[in-house]
Structures are given as C-alpha cells and as structure tokens.
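Here is a short report on one protein model. Have the sequence and the 3D view at hand.

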2 protein chains.
Amino acid sequence: MLIATPQTMRFDAPLQLQSGACIHGYSLSYETYGTLNADKSNAVLVCHALNASHHVAGVYEGQDKSEGWWDNMIGPGKSVDTNKFFVIGINNLGSCFGSTGPMHTHPDTGKVYGADFPVVTVEDWVNAQALLLDALGIQTLAAVLGGSLGGMQALSWTLQYPERMRHAVVVASAPNLNAENIAFNEVARRAIVTDPDFHGGHFYEHGVIPKRGLRIARMIGHITYLSDDVMNAKFGRELKDKVLASANGYKYSTQEVEFQIESYLRYQGDKFAEYFDANTYLLITRALDYFDPAKAYGGDLSQALARTRAKFLLVSFTTDWRFSPQRSREVVKALLDNKRDVSYAEIDAPHGHDAFLLDDARYMSVMRSYFDSISTGLEVAA
Amino acid sequence: MLIATPQTMRFDAPLQLQSGACIHGYSLSYETYGTLNADKSNAVLVCHALNASHHVAGVYEGQDKSEGWWDNMIGPGKSVDTNKFFVIGINNLGSCFGSTGPMHTHPDTGKVYGADFPVVTVEDWVNAQALLLDALGIQTLAAVLGGSLGGMQALSWTLQYPERMRHAVVVASAPNLNAENIAFNEVARRAIVTDPDFHGGHFYEHGVIPKRGLRIARMIGHITYLSDDVMNAKFGRELKDKVLASANGYKYSTQEVEFQIESYLRYQGDKFAEYFDANTYLLITRALDYFDPAKAYGGDLSQALARTRAKFLLVSFTTDWRFSPQRSREVVKALLDNKRDVSYAEIDAPHGHDAFLLDDARYMSVMRSYFDSISTGLEVAA
C-alpha cells in the first residue's frame, strides 16, 4: 500500500497574479509518489478540480480509509504507474486543503484573508505550480494530467510553459465554460453570498459558517456531476421510507425527505458544508468561469493553441453533460488544425461528469496505454 | 383585442384531498374567453404550470401589457380560436394568483394558512377543476390543454374523468418526474426552507419574505427551462460591461456581476421573489414530484392509461432537457399499447422547455390543425 506524506513548500517572493494583485509569503501543499529518475524526466504533475487536493494517491500512515482522490488511477502498477513515474500532486492557491487560502492569515495585516484573498485564475495556479517544480529542481515534466478544472490547468500548461512538458492529458474538460456552466456556478455563488452567515466573506470573525449556502451549492454541483441516466438508475423515483401509512407511500409534506434522491443530495450538501470553505468555493468557481484561452484570439481556439508543443491525450465521457464530448472535440480540432499529435478517447460511460473519477475498464485502459507509451519514450531516451 | 375579466367561484362543500386532508370554504379564480355554444360542447379547459394563472389570454381593460401567459396561442383567430371555442383558464388551489392558497386565511382558525395549507396534488387540482365545470354547467369538455405541469393535469383528466372530455392536448410534459427533475425541485425547496426569513412557512406573521431562497429557486428554474444552445446563443460568455480596465475585460471579483448570463439570472430571481409566494412554490413543486399515474400499476404506464377514452395530441420539443421528447414518447407508446387515437409532434425548436410558451411556426401550426379538427368535429356533431 502506497503511503502518502503531505509536504509544504513556502514561497516568499511575490507572485504576480493575472488580476494585477500580488501574493507573497504563501505556501503550497504537495505530495509525491514514486522516484524521480536520474535525468529528472519522469515527473508527472496532477492538477485537481474543485473539491480535491494534493492528496491524489495512496493513504496516510495508519489511516486505512484515506485514499487519495485519484488512487484508482495512480499508484504502483496502476494506469499511471508510480513504479515508473514520479507523480506530484499539488494543492492550488486559494484552496482550503493546505495551500495558502482564504482561511489563512494575510502576512501584512495579521488578519484572516476571508473575502480579501486575491482572485486566482487557472493561469495563476499554473504559474505557482511551475514555481514548485523549480523548487523541486524539475525542469521538464513527462506529463501534466488533470480532469475537469484540472484538465483546464493541463491545457493551460501547454500554453504557458510549452517547453517544460512533453505530454498533456486532459480528461472530461473544456476549453472554457459555456453559459449554462457559468449559470450553475452563479446560482451556487449566490446561495453562498446571500446566506446571512456569509458576512461579506468575513464570517470567520463572526464564528459562523454559511452552511446553508454551501449545502445548496453542493447539491447543485452534484446534479451536474451525474448523468440523468445514472441518477435514474441509482435513485429513480424510489422513496426513502418503504413502509408508510398512506396507500401510495407518499408523506404529503413539502419539507420532509421523501425521495431517495433528496436524501442523497441533502447528505452530500451537509457533508460538504462541514469541511469546505465558502470563499474557496467562490474563488474556484470564478477561476472556472474566467478560463478561456481563446479569448485573447477573438474566440479562435486554433490560433490560441498554436503555441502548444506537447503531445495530447484527451478523454471525454458520452454522458457528461457538464463538459460534454463536444467540448473536448473542440480542443481536438483546434490541435489538429495546428498539426499537433493528439489522441482522443470518447468513453461510453453512464456516470456523467463523475466518470473521470470512477473505475471504467476502457477508460483505465486508455490511460494505461498512453502512460505506458510515455514511459517507453522515457526508456528509449534514457 | 380580447378583454379578459377574472372571475371567482366560491365552494363551501369540503373537497377531499389525496393526502387525506380536506379543504373547505375555498375559491377558484378563472377566466373565460369566447362563447359557450348551445349544446355546451365547445369548452376547452387550460391548465397552468408552475408560474402561471387563470389569466391565459387577452388583456385586462386599460392594461395594454397584461397579456395572458398563452395569449400567443389562444384568442380570436389564433391556434386555439376563441371564435370557435369557449376557453376556460383556471387558477389552481394553493396558487398565489387568486385561488385560495397559503397567503389566504384558514376559515376555521382565522389565521393565514402559510405552511399549514394542505398539500395538493395534480389529482386534487383536477377534481377542483371538475367542480368548477359543474358550477358552470359544463358536463363534457371538447379538450383539456396544458403544457409542462399543465400537461400532467390534462393527462390526469383523461384518467380521472375519461367520460367528461373528448381530447387531451399534452405539451412539453412527462408521465412523471425523473430523479434529476426531483433533484432540481429539492434544491430549490431547500433554498427556500433554509432561508432564515422562511420561519417554517409562517413568514407572513413576521412581516418578511424568504426572498433569498425564492431568488435561488427561480435561478435554478430558469437554467432548466432553457436549452444549452439557446443560452449560448443568447448569452454565451458575453460580459455585462464592455469597457473595463483590465486587458481581458474581467473584473476579477467573486461577487460582482460579470457575465450577461449572471445578470439575466439575478434579474429573473429578483423579479420572481417580489411576487411569488414561497409556500406556493413548495406546494407546486411537490405536486410535480408526486404525479405518477403509473405508480399504482407497478410503474406500468400502459396499464395506467388503459382507462383513458380521449383522443390525444402530444407535443414535445427537441431541445427540452427538462421534459425531453423521450418522456412524451413514453406516453405515446403507452397510449398506442391501448390502441388510443394519438397524434404526436416532436418540434425541432431551439428554446428548450420554454418553447411551449413561445411562438414557433410549426408548433403553432400543429396546434391550429388539431384544434381545427376538434372544431370540425363539433360542427359535424351540431
């Protein structure tokens, strides 16, 4: 069993952010798995999505149930084989899982950042990740890998540091959010911001947490992560309590839990509100909204991707309606317009957007093949 | 111009509800357009969806902009021609637009119902509608017509009063909600119920309105009413303010309105929270959740629809992901299993669920043809 050890790297030099603001005196949490080879050519950076962290693989010492969020994909003998690769998981700036974020203290004021934490973008995260690699003495990555928002980071790497990576693996992602994606983010943000316990983002000082808003945000999120089909298969119209007084099993109540899907969503919402930071939620959804590499090129993604040098694997899932296969195909097309080396797998999986985190034989096999080919390239180069 | 006049019918006899509760001393608001013919055979009942009322067509005297919600469909010379039909718009029990609802006073306690208003179902509404027809002296309807939740009422009519109607026109509807539909309803309800201004549904006594929750509920609703495509076409990633300091036009803010879609949703939410009753929202979404005529038949819709006698027109819209064409096809199949007379039109319209309220030449033409055929039947019979 792979034992993970979280580490922290501190950065004192100011990091210029895309917004114009600067952040200094910050830390990044990370974990590494496997061994960096002699020529430092086998490093794989894993970027996380909304609700994840640097704890990508393995478990913590003495904590059996503490598997990393992509432990099914990454580890000894797994699709991304840590016997071959040196895998780095990193927690992004603004997160609530270790790296400097809104819950931490502003070094200049001595006060908790809260809503004053600077707005961070995918590009800012990538810049911070590159600084961590500098500190680890890694010049070139074998691959950058990410799903969903993590896939956006992998794509942004190919634009910001084309010379520092050989492969980009972009799973269940998109070249930007569409109007519906932004709309769902906005409703979630409004739920948080209008919760009276939010206090303009300075709720820490009031000793409260905007749990109502966080619950709603998470419930909305969960709906968009699952496919219609898998929701019907898992929950359908099933009622929570099987034995009931009324003939047809309904309680005839507007506020009680009656359907299984309600129970599931409330549970997910409650759990999330216990551990996720409200300001982090705002920051991360905004980073999603803003990401749009084609914007500077009048919306022309092919032009935007002209500066990429990496080889690409893109993976999408047929039932993902959050980031549909169509969105991945846009990236594939833009890369092909630039005659880039692109592999693309559209996996017929029932689980919607969540599929990127789940075990699916075809998906795992595509990933394994691609990473094996990277690894073979390493051996030849060695 | 058709001038509409709202009317009210009071009912003193108790109405037994599906939940086991009773309601008495209630009123129903309604409007009628056109003239009931001598043999009372040309009446068309129009059932409303979530955010609508008895004001289906025409305008109110001296109020130019007060068109009924289906005024594009119903009126003199329109698809449902009030020169031929006597059209009845009715407001359902529990609504906040005229008929007795949570904002009214309980006749026994003298207090505002609030959360104590009994839970009402589609079947209860249909029973109340039948009582209104009794009072109007109409035994048999030429047609019952409804879209979305209104379509569920039209379908339920064919089961509850098969002998009192000749045609059912069921637009953009479904034989029940699926898990995703219930999930969206539940998130909206949680937003309302957890708003501190909700006060367990007795907010009227506190002089407040749970506007935060209502806004969120409406924003979620709007996302599900529109198609992905039409949202991208109407809003895309367009920013609200064109001239901005930062090079790429972003404000880098987590709480300000930046994208047009955000502005649209906030506006819709704000507007809705001004006029819609929170308890009504809970009641109507619950009626949607509960409706499931196949439930008593172990989920077998064909068996459930065996007792229908009406002729049917079903209409669905290709981009409606709330009540997709697939859901209408389930009804069509179940009716065909019973050898019922069914017409079905799947309209290739871009507007998502909202399409049923909008002008679309093919849609309007299908409706006109069908109602013309009903009207010809009337003339032959006369």
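Which backbone nitrogen does the side chain of A:Asp320 reach? The model is predicted. In it, the A:Asp320 side chain comes to 2.9 Å from the backbone nitrogen of A:Arg322.

## The annotated site in chain A

An unreviewed UniProt entry lists A:Ser148, A:Asp320 and A:His353 under "active site". These residues span 206 residues in sequence, yet no two of their C-alpha atoms are more than 10.6 Å apart, so they gather at one spot.

A:Asp320 sits in the loop between strand S13 (311-317) and helix H9 (325-337) of chain A. Its relative accessibility is 1%, so A:Asp320 counts as buried. Beyond four places away in sequence, A:Asp320 touches A:Ala172, A:Pro325, A:Gly352 and A:His353.

A:Ser148 is in the loop between strand S11 (141-147) and helix H2 (149-160) of chain A. A:Ser148 has 3% relative accessibility and counts as buried, because the cut-off is under 20%. Its contacts beyond four places away in sequence include A:Ala49, A:Arg322, A:His353 and A:Phe356.

## The sheet in chain B

Eight strands of chain B form an open sheet with mixed pairing, in the order S2-S5-S10-S6-S11-S12-S13-S14. Strand S2 (7-11) and strand S14 (342-347) of chain B are the edges, and each pairs on one side only. From one strand to the next, the twist averages 20°.

Helix H2 (149-160) of chain B packs on this sheet. Helix H2 touches strands S6, S11, S12 and S13 of chain B, and its direction makes about 145° with that of S11(B).

S2(B) and strand S5 (residues 26-33) of chain B run antiparallel, joined by five bridges. B:Thr8 has B:Ser29 as its bridge partner in S5(B).

Note on methods. Residues numbered from 1 in each chain as written. Chains lettered and ligands numbered in written order. Predicted model: local features only at pLDDT ≥ 70, side-chain atom pairs only at ≥ 80, totals over all residues. Heavy atoms only, no water. Pairing = 2+ DSSP bridges. Helix = DSSP H or I, 4+ residues; strand = E, 2+ residues; numbered from the N terminus. Axes fitted to C-alpha atoms, helices over the stretch in contact; angles between N-to-C directions. Contact = heavy atoms within 4.5 Å. UniProt positions renumbered as here; feature names shortened; annotations may be inferred. Buried < 20%, exposed > 50% of the residue type's maximum accessible area, 1.4 Å probe, protein only. Polar contact = N/O pair within 3.5 Å; in protein donor to acceptor, adjacent residues only side chain to side chain.
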